[in-house]
Amino acid sequence: MNFIKDRIKILDWYIISKYLGTFLYTLTLFVVIIVIFDLSEKLDDFLSSNLSFWQVISLYYAGSIPYYVNMLSPLINFIAVIFFTAKMADQTEIVPILSGGVSFNRFLMPYFVSAFIIFTFNLASNLYILPYTNQLKNNFENTYVKKNDPSSKSNIHMKLDNNTYIYMDNFDNKSKTGTRFSLDNFKGDVLTKKLIADEIKWDSLKRSWKLTNYSIRYVNGLKETFVSGASMTKDTVLDMRPDDFSAYDNIFENLTNKELSEKIRKEKIRGSGIWNDLLFEQYKRYLHPLSAFVLTLIGVALSSRKVRGGVGLPLGIGIILSFGYIVFNQFAKMFSLKGGVPPLLAVLMPTICFGLLGYYLLRKAPK
C-alpha cells in the first residue's frame with residue numbers, strides 16, 4: 001500500500017512538473033516571438049520619437065510583456081496540457097496508470113493542482129499587477145505610437161450627482177484642458193448655481209481644477225448674486241477626473257480595483273453609456289482566470305487517448321479550440337458592450353460553454 005502511495009506521489013510530481021515546465025517554456029517562446037514582431041512594427045515610432053533603448057524597455061515593454069503573458073495564458077495553458085498529455089498517451093504511459101488502479105478523476109488531480117497555480121497567478125496579476133503595467137503600456141502607446149490619433153472629446157455632457165450637471169465644448173486628454181466649461185447646480189427642479197469658465201485645467205499636484213475667466217451666478221429665489229474673476233482654484237474640487245473624459249479606448253485597463261469600483265459607482269449615478277464597459281472589465285478580472293480549469297479539463301479529456309498520428313492530431317484540435325475560445329470571448333464582449341447582454345453573463349458565457357464541452361469530453365475519455 002505504501003509503495004502504491006509513493007508511486008502516486010511520484011506520478012503527481014511528474015505531471016505537475018511536466019505541465020508547468022511545458023507551460024512556462026511555451027509561454028516564454030511565444031512572448032519572445034511577439035516582442036520581436038512588435039518591435040519591428042513599432043521601431044519607426046521609437047526612432048522618430050528619439051527614444052533610448054532604456055526608455056523603450058522601462059516605459060513600454062515593462063508594461064506590455066505582462067499584458068502579453070496574461071493575453072496568451074489561456075492559449076498556452078491549453079496547448080501545454082494537450083502537448084505533454086498526448087505525448088504521454090503516445091508513449092503508452094497513461095494506460096498503465098489507469099490499469100494500475102488509479103481512477104481517471106485521481107489522474108486529473110495533479111492537472112488541477114497545476115491549473116490552480118496558474119489560476120492564482122493570473123488572478124493576482126489581474127488584480128494587483130496589470131492595472132499598473134497597463135498604465136505604463138497604454139500611456140506610452142497613447143503618447144508615442146498613437147500620437148496622430150485624436151486625443152480630445154467634444155460636446156461633453158455629464159451628470160456628476162443628482163443635483164449637478166456639467167458641459168464642456170472640448171476636452172484634450174494630453175493637456176488635460178477643457179474649453180467653454182459650464183456647471184449647473186439644482187435643488188429639485190430649481191437652478192441654484194451656474195458656473196461658466198472659458199477654460200478648465202487639471203492640476204495634477206493639487207488634484208483639483210483651475211478655472212480661467214470664470215463667472216458664477218447664485219440664485220436664491222428672486223435674489224441673484226454674481227461673481228467673476230480671471231482665475232479660480234478654490235472650491236473647484238469637483239467630483240470628476242480627466243479620465244472621465246478620455247478619448248482613449250484603453251483607459252479602463254489602467255484603473256486599479258479600487259478606482260474601478262469607485263468609477264462604477266459614479267457612472268451608475270451619472271447614467272452614462274460606459275457603465276457596462278466598466279462592469280465587464282471588473283468581472284473579467286475576477287472570472288477570466290477560471291479558464292485555467294476549463295481548458296485543462298478539455299485538454300486532458302481530448303488528448304489522453306492514444307491515436308494514430310501521435311501528438312499532431314490532438315495538438316491541432318487543441319489549437320483550433322483554443323483560438324475558438326479566444327474568439328468566443330471577443331464575441332461575448334461585443335454582445336455585452338453593443339448587444340445589451342448583461343456583463344456578468346457575457347464574461348461567464350465562454351467559460352460555461354467550454355466547461356460543458358469539457359464535461360462531455362470527460363465522459364467520453366478512456367477510463
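1. The side chains of Asp12 and Arg106 form a salt bridge, with 2.7 Å from N to O. Asp12 sits in helix 1 (residues 2–48) and Arg106 in helix 4 (residues 104–145), so this pair ties together parts that are 94 residues apart in sequence. Please read this, and what follows, as a description of a predicted model.

2. Arg106 is partly exposed, at 25%.

3. The structure holds 8 salt bridges in total. The Asp12 and Arg106 pair is one of them. Some of the others are taken up in the next points.

4. Lys194 belongs to strand 4 (residues 190–203) and Asp184 to strand 3 (residues 177–187), so the bridge ties together parts that are 10 residues apart in sequence. Asp184 counts as buried, at 17% relative accessibility. Lys194 is partly exposed, with a relative accessible area of 23%.

5. A further salt bridge joins the side chains of Arg217 and Glu224, with 3.3 Å from N to O. Both ends are partly exposed: Arg217 has 28% relative accessibility, and Glu224 has a relative accessible area of 48%. Salt bridges that share partners also join Glu281, Lys284 and Arg285 into one network.

6. Which lysines gather in a patch of positive charge on the surface? They are Lys176, Lys201, Lys206 and Lys210. Lys210 lies in strand 5 (residues 208–220). Lys210 counts as partly exposed, at 39% relative accessibility.

7. Now the aromatic rings. The count comes to 19 aromatic pairs. One of them is Tyr60 with Tyr61, an edge-to-face pair with 4.7 Å centre to centre and 65 degrees between the planes. Both Tyr60 and Tyr61 are buried. The edge-to-face class takes planes over 60 degrees apart, so the 65 degrees of this pair places it there.

8. The rings of Phe328 and Phe354 have centres 6.3 Å apart and planes at 50 degrees, so that pair is tilted. Phe328 is in helix 8 (residues 312–339) and Phe354 in helix 9 (residues 343–364), so the pair ties together parts that are 26 residues apart in sequence. Phe354 counts as buried, at 10% relative accessibility. Phe328 is partly exposed, with a relative accessible area of 22%.

9. Which residues do ring pairs link into a cluster with Tyr60 and Tyr61? Phe46, Phe140 and Tyr144 join those two tyrosines in the cluster.

Note on methods
Residues numbered from 1 in each chain as written. Predicted model: local features only at pLDDT ≥ 70, side-chain atom pairs only at ≥ 80, totals over all residues. Heavy atoms only, no water. Salt bridge = Lys/Arg side-chain N within 4 Å of Asp/Glu carboxyl O. Helix = DSSP H or I, 4+ residues; strand = E, 2+ residues; numbered from the N terminus. Buried < 20%, exposed > 50% of the residue type's maximum accessible area, 1.4 Å probe, protein only. Patch = residues over 30% accessible without salt bridge, like charges linked within 9 Å, V, L, I, M, F, W, Y side chains within 5 Å. Areas by Shrake-Rupley, 256 points an atom, 1.4 Å probe, with all protein chains shown as cover. Lys, Arg positive; Asp, Glu negative; His and termini not counted. Charge placed at Lys NZ, Arg CZ, Asp CG, Glu CD. Phe/Tyr/Trp six-rings, centres within 6.5 Å; stacked < 30°, edge-to-face > 60°.
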